[in-house]
Amino acid sequence: MEAVARRKAAAYVCRSCTRQFQRQLRRNYSNSAPRPDIYDVVCVGGGPAGLSLLTALRANPVTSHLRVALVEAQDLSKVKSWKLPPNKYSNRCSSLTPTSALFLDQIGAWEHLDQTRVQPYHEMQVWDGVTDARIEFDWAPGSAPVEGTTIAYMNENLNLTSGLLKRLEQLGGVSVFEGANVENITFGEEMEDLDLSQWPVVHISGGKQLTARLLVGADGANSPVRAFAGIDAKGWDYNRHGVVATLEMEGEGWGGEHTKIAYQRFLPTGPVAMLPMPGNVATLVWSTTPENASLLKSLSPKDFVAMVNAAFRLSTVDLAFMHTQGTDQDDEYSWRLQHTSFNPRAIPQTVVGVQEGTVASFPLKMRHADTYIGERVALVGDAAHTIHPLAGQGLNQGQGDVQSLVKTIEFAVTHGQDIGSIMSLESYVSERYTANHVLLGVVDKLHKLYSAGSGPLVPLRSLGLNAVNALGPLKSFFMKQAAGSGTKIF
Amino acid sequence: MEASALRRSAALVARASTRNAIRPAVCAAISNSSTSSTPPTQLQTQQTRQFSALNRPPPNYPGHVPLTRLERLGLFVGSGLISLADPRRGDLIASFAEATATPYFIYRLRDAMLSHPTGRRILRLRPRITSQSLNIPYLRSLPPNTVGRTYIDWLDREGVSPDTRSAVRYIDDEECAYVMQRYRECHDFYHALTGLPIVREGEVALKAFEFANTLLPMTGFSVFAAFTMKKSEQKRFREIYFPWAVKNGLRAKEVINVFWEEELERDVDDLRRELGVEPPPDLREIRKREREEKRRRKEMERMMSGRSGGPEDDVLQKAEKEAEVVAERVKEMKDEVVEKVGEVVGSSSMRV
Ligand SMILES: Cc1cc2nc3c(=O)[nH]c(=O)nc-3n(C[C@H](O)[C@H](O)[C@H](O)COP(=O)(O)OP(=O)(O)OC[C@H]3O[C@@H](n4cnc5c(N)ncnc54)[C@H](O)[C@@H]3O)c2cc1C
């Protein structure tokens, strides 16, 4: 038993070893270069992925002795103390699958999220804006999985990061360098007793340098860590922007407080989605052309609300025209509403207002890194892959990465391997790469399929959607996939 | 000799009848049966459910007749057959147009209007074109070469009135019903814009233009009427008017989006330029020239043979008289047949 513990201790640099090592260094090089500040894990990026990674490492008894550091450009104290009045919501929300929620619960973070601001939803309505073909994801009697009928949880990204920070504070033991930009990453030096020439050294603003046994890039789509590792990310820009906003609805939704519904309509310019938040609030993600996005951002609240209502109701012809108007969309919408027939129960309730200052947009792209690992480097979250938001999977993929990477590190620690070596990290890539690649590919194809306003694909895709809708088992298969409770293919 | 005489006398019969009564079939399609209708302005609940003739749903707009699928088929076949049999049953041709415009083509035309600022304004205001709405004396007072004056001159030359439109009845969507109505009411403006007369040949050329421009199926079917034209007319159609129609119809902007009521004082050439329509060679002129040419040739022949009048002319006159009687009788018989078919189709669609 003791032998195992000793072997384990030798495998990673525990705090006492580091101290001893540093004493050595001081002895040998007391007059030359500053002694390297060595960490087992340096995580660049304190977004959802980075914070979950550190929380998971700290919460796991096997990995909790590791010396870990976080480098984040933003001021994290602001994130931690983030608070909004109960009727105001941030415009950056993500859906968390039950799988992600379970993971967050296991690492003790879930309970630190403000639960009054988390909204589970149970049904989905997805339809084709050109042909009106529709698929309804509602649980037929008997088809509901034992885990529950929740498809996913809508949650503000800030509620998640703030909750993770609170949990991290509780766990303690992380050297946090916040408000610190990574300025450069280099290799360490070769020393007599320790060769650091293959070890990354992170230079942060203020002159501090952190040497990492394993450098984790959780630094988002433009990852400096990925650039340092020389890992190429392939993909393309969609020439689309995601317009987000926090919306005020006429009511709690057609299903009331306890059965919330997510809606998505595929328009030729991209999908528009409305996702339920608590009470009369909903969040919008509208993928559209950059021109349309900048028009939407320029509109008065009244006209913006009219455009959102139009996006779920009017014909694509009307919508296209209304995007050419500089103003008066509200008036145009009320007229066209009289000449458009739809089933009001199959679409979201009417939007009555937009929360001030929440209309924003982000460019959408698809990127996939050639690999997630290098010598002493691993990438997680958006640093490894950026996905079109139409399936609401980006953040969840990052959680899947973190879960897998922590498992890999745990294995290396338990088996006395160097956690930074490619050999140790191999199992992380093999577990995540294909799964992410399939999901990226499927979502990319979906985007392309639905971008066609006409042509031979249009009737075919409607046929597909209608067919899936008609086939109960296939549908509940898809729903379980979306909820992350089915057999793992994604 | 006798055959050609017969043909000539038939032509005489045709010319003898009043011009208006003989407006060719294809034109009648969009202008007939002076039943004035209330404009379809109000929206009522849209009718999409299937139903039987026994529990026919309420109309979606005044004058609307909701049809079952079978009735729609009956309308398509019946109106199609009779309009072929009798080119003057404009009301039925109009019905045929409605039967073929749904479910796809009228929506395309409506969407073309919805994609254009003026088209949208027309759909929103829903103006109607009648002799009242247009103020005929005012049009006559406009300077020549304005759109309004060209239009009224064309009406006067052809001897027609803007008030002869069938009301739309069989298109279920009330907005699309208005689009059909608007299309009908604008038809004479297209005549004026292109200068094409309402004789069969001009009408077919205009229909080809409209088909290339609007893609309404009825306009396309009407082009088949080209096969009922005389050889020389067919040749002219093939060589001049068909290529003109296709080129201009495809190139021109959607003519349905012209707010004619607002363009009346505009220079007609200016509007043609904006729309990308160049008027074809004047058909009436060509026809007149050809007729004169023919007469001159005849005269020449007679002079060459050195005779003027004689026993052969008497024979010719007699043959012409007889041919007239025969043609009259043929016409009567045809009317009878049409009536019979109409009854049969009518009662069978009642029974559906
Ligand atoms: C419009 C839109 C809608 C979306 N909707 C959903 C959804 O419904 N569901 C879902 O799962 N996902 C969604 N996503 C995706 C989701 O937001 C991202 O996948 C997720 O935020 C990625 O997390 P991350 O931690 O990997 O990266 P990020 O959140 O980008 O975090 C990276 C962090 O690194 C820091 N950083 C970067 N560079 C440096 C540097 N040089 N020095 C120091 N720090 C640095 C940044 O400050 C940042 O905090 C959506 C995305 C968009 C654009």
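Leaving aside neighbours within four places in sequence, with which residues is Thr340(A) in contact? The answer is Arg313(A) and Leu314(A), where contact means heavy atoms within 4.5 Å.

This is a predicted model, in which local features need pLDDT of at least 70 and side-chain atom pairs count only at pLDDT 80 or more, while totals for chains, interfaces and linings use all residues. Residues are numbered from 1 along each chain as its sequence is written, chains are lettered from A and ligands numbered from 1 in the order in which they are written, and side-chain values use heavy atoms, with hydrogens and water left out.

**View 1. Thr340(A) in its loop.** Thr340(A) belongs to the loop between helix H11 (329-337) and strand E16 (351-354) of chain A; helices (H or I, at least four residues) and strands (E, at least two) are DSSP runs, numbered from the N terminus.

**View 2. The shell around the ligand.** The ligand has 29 residues around it, of which Ala49(A), Glu72(A), Arg92(A), Asp382(A) and Leu395(A) come nearest, a residue being near if one of its heavy atoms lies within 4 Å. At least two residues of the shell are supplied by each of helix H3 (48-59), strand E3 (93-96) and helix H12 (394-414) of chain A.

**View 3. Polar atoms facing the ligand.** A nitrogen atom of the ligand is 3.1 Å from a polar backbone atom of Gly392(A), and a polar side-chain atom of Asn181(A) lies 3.4 Å from a nitrogen atom of the ligand. An oxygen atom of the ligand is 3.4 Å from an N or O atom in the side chain of Gln74(A).

**View 4. An open sheet of chain A.** Here 3 strands form an open sheet in the order E3-E7-E4, with antiparallel pairing; two strands pair if DSSP finds at least two bridges between them. E3 and strand E4 (119-121) of chain A stand at the edges with a single partner strand each, so one side of each is left without a neighbour in the sheet. E4(A) is joined by 3 bridges to strand E7 (residues 152-156) of chain A, and Tyr121(A) stands opposite Ala152(A) in E7(A).

**View 5. Gly179(A) between two strands.** Gly179(A) is placed in the loop between strand E8 (174-178) and strand E9 (182-187) of chain A. Leaving aside neighbours within four places in sequence, Gly179(A) is in contact with Glu72(A), Ala73(A), Gln74(A), Asp75(A) and Ser205(A).

How values were computed: Polar contact = N/O pair within 3.5 Å; in protein donor to acceptor, adjacent residues only side chain to side chain.
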